[in-house]
Amino acid sequence: RPRVLSGIQPTADSFHLGNYLGAVRQWVALQDTHDAFYCVVDLHAITVEHDPKLLRRRTRVSAAQLLALGIDPERATLFVQSHVPEHAQLGWVMQCLTGFGEASRMTQFKDKSAKQQAERITLGLFGYPALQAADILAYQASHVPVGEDQRQHLELTRDLAQRFNSRFGRTFVLPEPFIVKDAAKIYDLQDPSAKMSKSSSSPGGIVELLDDPKVSAKKIRSAVTDTGREIVYDPENKPGVSNLLVIYAALTGRPVGEVADEFAGKGYGDLKKAVGEVLVEFVTPIQARVRTYLDDTAELDKILRRGAERAREVASVTLARAYERLGFVVPA
Ligand code: TYM
């Protein structure tokens, strides 16, 4: 079976709707057809200042959300990045292949570093995409399900794989992004020109899966819509309404066009009410399942330990091959 890998950062108390619709929903679907590896990327989470207690909690909450959303540890390998030391080891190798200029052009780095005082920008943040490349290449993944914002990092990953292969001999599979068109980018409810983002959206603009469902429905009701009153799917001229249509379509598993037709002739209020309702229906059972997983962290940690064991079996083979190709002496 072809292999997929993806990761999510444990940097917020909850995933938001963009994380789910843009990425995790595809993760769930792909475990039926692919050999799937999914990780909570805690090494990436320390590239900006962090609180250790929060990180530990958010790592478990992230894993619990993935399980609650449908990742099945029997069918997919779910693990925590720091449990598999090969990520950091291969990450170093990837850093040594990455050009300074190349890393400087990463838009995520530019955005994140623009928000920090210069002396707080770390080498870790700069090297972030090299570690991400290692995450992917360690598993020889052919596809990487992510949202649109990760496209540039995946292009770099391919470049690094190709560079290594041509200098040292064929070692890595060149991965392709797997980006679902319809929900590749979910927008901020208060500013439909910006993506919904844990670091930059205002509280009113972001729908968190673990937030009180009533609060989320209220945020939907207060979403910025567009001038006029017609409901049409037209992201260019009607970004607010189109975003709500995309969310509604994704949550109900229907094509956007069909949903837009259903709302033709109705008002913005009707659409918002409907989105709020499907959202509440969706998150309520998820939240109950997350609580169950968090009530028994021993069981959760066991699932993650088993995942890490399986992940290491694959990643260690790749790392050993890469080390050998690089000219490292194989320890006797
Ligand atoms: P992260 O943690 O920011 O986001 C996790 C996933 O959610 C997607 N996403 C969105 N999709 C649609 N609309 C949005 N508004 C939206 N916001 C976030 C992201 O594209 C991502 O797929 N660098 C990665 C984590 C990572 C990774 C990896 C991913 C580390 N190693 C290896 C893939 C493979 C990140 O910061 O994702």
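1. In which helix does G276 lie? G276 belongs to helix α12, where helices (H or I, at least four residues) are DSSP runs numbered from the N terminus. The structure is a predicted model, in which local features need pLDDT of at least 70 and side-chain atom pairs count only at pLDDT 80 or more, while totals for chains, interfaces and linings use all residues. Residues are numbered from 1 along each chain as its sequence is written, and side-chain values use heavy atoms, with hydrogens and water left out.

2. On confidence, the protein chain has an average pLDDT of 96, and 100% of the residues score at least 70; pLDDT is the predictor's confidence in each residue, from 0 to 100. For the complex, the predictor gives an ipTM of 0.99 and a pTM of 0.97.

3. G276 has a relative accessible area of 6% and is therefore buried (under 20% relative accessible area; 1.4 Å probe, protein chains only). Leaving out residues up to four places away in sequence, G276 touches A217 and I220, contact being heavy atoms within 4.5 Å. The C-alpha atoms of G276 and A217 are separated by 4.4 Å, although these residues are 59 residues apart along the chain.

4. The largest nonpolar core comprises 60 residues. Such a core is a set of buried Ala, Val, Leu, Ile, Met, Phe, Trp, Tyr and Cys residues joined through side-chain atoms within 4.5 Å. Helix α12 (residues 268–295) gives the most to this core, with 10 residues. L21, Y38, L66 and L245 have the most contacts inside the core. Apart from neighbours within four places in sequence, L21 is in contact with Q26, A183, I186, I247, A250 and L251. A second, separate core of 39 residues includes M106, L125, A134 and A138.

5. There is 1 cavity of 30 Å³ or more, a cavity being a set of points, on a 1 Å grid over the protein atoms alone, where a 1.4 Å probe fits but cannot get out. The largest cavity holds about 50 Å³ of space, a volume being the space filled by probe spheres set on the points, which are joined across faces, edges and corners. M106, Q108, F109, K112, L125, Y128, P129 and H153 line the largest cavity, lining residues having an atom within 4 Å of a point. Helices α6 (107–114) and α7 (123–137) each supply at least two residues of this lining.

Definitions and conventions: Buried means under 20% relative accessible area, exposed over 50%, partly exposed in between (1.4 Å probe, protein chains only). On a 1 Å grid over the protein atoms alone, a cavity is a set of points where a 1.4 Å probe fits but cannot get out, and a pocket is an open set with protein on both sides within 12 Å along at least five of seven lines; lining residues have an atom within 4 Å of a point.
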